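Hi,

Here is the structure for you to look through. My notes follow below it.

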Amino acid sequence: MSAAQIGAVAGVAIVTVVLAVLLRPYSPVYALLASLAGTVVLLAWMLPYAAQALEWLDTFSVYLRQEEFICLIRAAGIALVAQTAQDLCKDAGMTAMGAKVELAGRCMILLSALPMLQQVVDVWSRLLQ
Amino acid sequence: MESVASMKNGCKMLWRFRLRRLMAVLLLVAIGGALCPAVYAEEMDTPPQIQDYLDEPGMSAEEFSSVTLSELLAGVWKTVSGEFLAPFRLLGQIGALLLLASAALTFAPSEGWRQCIELIAVAGCFLLSADGILELVSQVSAAISDWRLYLAGFLPIFAGVMVSCGQSAGALVCTGLFFSMASLSAQLICGVAMPLVRVYLALNSAAGISGVPPLQEATQGLTRCVRSLLRGISIGFAAVLGLQNTLAAQSDNLAMRAGGAVLSSSIPVVGAAAQDALASVLAGLRVVKGSLGFAAIAVLAAAFLPLFARCLVMRLVLAAGGLLAKAFGLSRSGAVLEGAAEGAGLCLSFLVFFFMLVVLSTALMIATGTGGFFG
């Protein structure tokens, strides 16, 4: 990633923030929509780079079981999406909604880790036999 | 009157004869009953574990003499690579997991999400190290049990050789005090210490996954308990070692000197020559005793060294994994891996302790009574 690309990211973020600040006194809904649009644009722009990083990390998955690799990547994805949604809710002043989004994200991460935790319990039973 | 008295005397004599005959028959029956097990001893089954040692010497003398240097080196390399490659493969797996976890954490900079992702990393680190450490604990327990069984077969033979060397008290101490201490230590290690190590490993992983401080304190307390147990057994062993030396050496030396004085003074003309001849015979028997003792030590060392290397490498690998985890900012994963390293270290401590118990006691028994017969 070059300096021009990170400059573009910063530029999009600043433009989105300025637009949201300008629109908020007149129409909070459009300010929120502008913030959401800027977030989606940045995420969509970042995804190819994240995919390249994931491809490189996939080369290390041969040393691990596929389950652990998938569980970690899935947890990271859930955390990213939930964090984004939580921040948008806080920007809109909906703190309670943001907390529920965080709770949902944590539950989904725990559910995706359940097979691993079950294996941990199995190992404990072998240790304590 | 005289005929009545003579008849009475005759009856008494007949009664006494019959009583003596009955006593002789009873004595013969008793001797026969005591010898019968000895007669059928060859038909009685020896314990299977001891029979395995007698039936499978591993390598015959002809086979050993025909082995070339390259074959020997290839065999050594095969053994070493088998011992060292698996732990380093484990280190690679742990490193890959930690790298993935730290990369995943970059997507979730918030502290709350970091805890969720680190939970998965901790569980993954524990699962990766669990198989290796479980196998290690089982192997150490099995090795100590096997060595105890080996001593059960070896010590009576060694005691017999010690008796032939004139060390009756030493043989008694060998089969009584030393074997009792070795058996007690083996049972304490296999029955108490190793289960405590397993509980420690489970508590350590639970503390890492949950992050609850009381569990971490309980884990540290359990480590102190296991170390105290090892310390107690070591003190007992040191006391037995001192008693062994005191009880065996002094009384045997005194008996040997007294016997020599009686021999040389009681037999005229050839008493001194008989004393010298017996001294030569006993010197030869002491060589046999020393060879037998060192052979036992060599057999145990051959079984001990690969397991010792495995424990040491596993401990180093897990400690390195813990340091790597802390370098990546995964402190809970680091704590779990360091706890697993501590478990491997405890296994190593018990293994070395039992090996040294057997080696030092055997060396002491070899060394006692070698100061010269009658001198």
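Start with one term: buried area is the accessible area (1.4 Å probe) that two parts lose on being put together, summed over both. By that count, chain A and chain B bury about 3,000 Å² between them. Carbon and sulfur atoms hold 83% of it. On the side of chain A, L72(A), W124(A) and L127(A) lose the most area to chain B. Together they make up 22% of what that side buries.

Some ground rules. This is a predicted model, where local features need pLDDT of at least 70, side-chain atom pairs count only at pLDDT 80 or more, and totals for chains, interfaces and linings use all residues. Residues are numbered from 1 along each chain as its sequence is written, chains are lettered from A and ligands numbered from 1 in the order in which they are written, and side-chain values use heavy atoms, with hydrogens and water left out.

Now the contacts (heavy atoms within 4.5 Å). Here 33 residues of chain A touch 32 residues of chain B. The rule finds one salt bridge across this interface. For that, a side-chain nitrogen of Lys or Arg must lie within 4 Å of a carboxyl oxygen of Asp or Glu. R126(A) pairs with D131(B), and their closest N and O atoms are 3.6 Å apart.

Last, chain A itself. Its secondary structure comes to four helices and zero strands. Helices (H or I, at least four residues) and strands (E, at least two) are DSSP runs, numbered from the N terminus. Of its 129 residues, 27% count as buried, meaning under 20% relative accessible area (1.4 Å probe, protein chains only).

Best wishes

Methods
Buried < 20%, exposed > 50% of the residue type's maximum accessible area, 1.4 Å probe, protein only.
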